[in-house]
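Please keep the sequence and the coordinates at hand while reading.

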Amino acid sequence: MTRRLTPGRLVVATHNRGKLEEIAALFEPHGISAVGAAELDLPEPAETEDSFVGNARIKAHAAAQETGLPALADDSGIEIEALGGAPGVHTADWAETETGRDFVLAMTRAWDALEALGAPEPRRATFCCTLVIAWPDGHDEVFEGRMPGRIVWPMRGDQGHGYDPIFQPDGYDITFGQMDRWEKNRISHRARAFSELVARCLD
């Protein structure tokens, strides 16, 4: 049986401020106060798995053990069809530089790879999200969401984060980077995973 999540504090195992804000806004109506890993000075565990669910489990269980609170981890990324699903679990790695993450660099790398392949239009891609809630006793629950769309160029918009400015979701003529954050929160891969979480753990 799925374990219920009760109102109170929940650790969100991320140091990404934008991601924390999105997740906190989704939990707020349910009486759950989300606090980020950075605020609690939690270390970032090494993500050594080759799947979204594997890496989300690592982060969620580490945060739950460190704090004694339920912890939510999100592992998400973009899978580009013509690139064989890359960058996938390495989505953030493509942005790593010696001075921090540079997603303009990552988006340019993705587009350059598509150009080098001569990939035909539409250049299909899917944003994927896996959410894992872990409890201090070792129990966890897993929820997944996917948002299909296409890669566009040049980058468009300054909303959202990550690869949002080059991802145009199906059914829209604008990118996630051009979309109002509340509209994106309503339809995104993360929102779809969260709707599964709500149905099974909250409602």
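The points below proceed from the sheet to the helices and then to single residues.

This is a predicted model, in which local features need pLDDT of at least 70 and side-chain atom pairs count only at pLDDT 80 or more, while totals for chains, interfaces and linings use all residues. Residues are numbered from 1 along each chain as its sequence is written, and side-chain values use heavy atoms, with hydrogens and water left out. Helices (H or I, at least four residues) and strands (E, at least two) are DSSP runs numbered from the N terminus.

- Six strands form an open sheet in the order 2-1-3-6-7-8, with mixed pairing; two strands pair if DSSP finds at least two bridges between them.
- Strand 2 (32-36) and strand 8 stand at the edges with a single partner strand each, so one side of each lacks a neighbour in the sheet.
- On average, neighbouring strands of this sheet are turned by 35° against each other, direction ignored.
- Strands of a sheet pair through backbone hydrogen bonds, either parallel or antiparallel.

**Strand pairs**

- Strand 1 (residues 8-12) runs parallel to strand 2 and is joined to it by five bridges; in this pair, Val12 stands opposite Gly36 of strand 2.
- Strand 6 (residues 123-134) and strand 7 (residues 140-151) run antiparallel and are joined by twelve bridges, with Thr130 opposite Glu144 in strand 7.
- The hairpin of strand 6 and strand 7 has five residues between the strands, and Gly138 in this hairpin takes a positive phi near 100°.
- Strand 7 is also joined to strand 8 (residues 167-169), in an antiparallel arrangement with three bridges; here Gly149 faces Pro169 in strand 8.

**Helix 1 and its surroundings**

- Helix 1 (residues 17-27) and helix 5 (residues 189-202) pack at an angle of about 35°, with their axes 11 Å apart; axes are lines fitted to C-alpha atoms, for helices over the stretch in contact, and angles run from 0 to 180 degrees between N-to-C directions.
- Helix 1 contributes Lys19, Glu22, Ile23, Leu26 and Phe27 to this contact, and helix 5 contributes Arg190, Phe194, Leu197 and Leu202; contact means heavy atoms within 4.5 Å.
- The buried residues of helix 1 are Lys19, Leu20, Glu22, Ile23, Leu26 and Phe27; buried means under 20% relative accessible area, exposed over 50% and partly exposed in between, with a 1.4 Å probe and protein chains only.
- These residues cover an arc of only 165° around the axis, which puts them on the same side of helix 1; the arc is that of the directions from the helix axis to the C-beta atoms.
- Their packing partners are strand 1, strand 2, strand 3, helix 4 (181-187) and helix 5.

**Individual residues**

- Thr126 lies in strand 6 and counts as buried because its relative accessibility is 17%.
- Not counting residues up to four places away in sequence, Thr126 touches Gly77, Ile78, Glu79, Arg146, Met147, Pro148 and Phe167.
- Ala38 is found in the loop between strand 2 and helix 2, and its relative accessibility of 46% makes Ala38 partly exposed.
- Leaving aside neighbours within four places in sequence, Ala38 is in contact with Thr14 and His15; Ala38 and Thr14 are 24 residues apart in sequence and 7.1 Å apart in space, C-alpha to C-alpha.
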